[in-house]
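Me: I've got a structure open and would like to talk it through. Could we start with a single residue and then zoom out?

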Amino acid sequence: MGKIQLHDIRLYAHHGCLAEETIIGSEYLVQLSVTANLERSAHSDLLADTVDYVALQSIVSKEMAKPSRLLEHVGNRIMTRIFKSLSGVDQVCVTITKCNPPIGGDVAGVSVVLEQKRS
């Protein structure tokens with residue numbers, strides 16, 4: 001087993017419960033970690049034998065582009081799509097951080113962390 005991690009995927013998206021958030025949008029950072037059997041690719045040196053991190057980034061970007069009220073909902077969509085699209089993934093952990101959230105204080109970000117194993 002092994003992990004493939006994507007760090008600080010920077011995106012501009014339109015999520016939130018306030019109408020202004022869905023109109024104006026804001027910056028987000030996404031951390032993604034997937035667990036998979038990487039033994040075969042470690043020996044073969046072939047992309048076909050691993051989980052392609054370009055595909056992972058594409059899934060994150062596409063799901064983040066769909067507005068939602070809650071980051072939990074977005075994170076669940078990301079995990080579901082990874083499991084449907086990439087059969088080699090056994091577990092997913094996704095952290096979505098809204099940078100500078102509108103909460104009336106000096107807060108750098110608010111994050112939601114979701115983790116799921118393939119069922």
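Predicted model: local features only at pLDDT ≥ 70, side-chain atom pairs only at ≥ 80, totals over all residues.

Me: Is Ser 33 buried or exposed?
Reply: The cut-off for buried is under 20% relative accessible area. Ser 33 comes in at 13%, so it counts as buried.

Me: Which residues does Ser 33 touch, leaving out those up to four places away in sequence?
Reply: Sequence neighbours up to four places off are skipped here. What remains for Ser 33 is Lys 3, Ile 4 and Gln 5, plus Gln 91, Val 92 and Cys 93.

Me: How much of the chain counts as buried?
Reply: Ser 33, at 13%, is a buried residue. For the chain, with its 119 residues, the buried share is 41%.

Me: What share of the contacts with a separation of 6 or more comes from residues 24 or more positions apart?
Reply: Contact here means heavy atoms within 4.5 Å. Taking the contacts in the chain with a separation of 6 or more, residues 24 or more positions apart account for 58%.

Me: How far apart are the centres of the positive and negative side chains?
Reply: The chain carries 12 positive and 13 negative side chains.

Note on methods. Residues numbered from 1 in each chain as written. Heavy atoms only, no water. Buried < 20%, exposed > 50% of the residue type's maximum accessible area, 1.4 Å probe, protein only. Lys, Arg positive; Asp, Glu negative; His and termini not counted. Charge placed at Lys NZ, Arg CZ, Asp CG, Glu CD.
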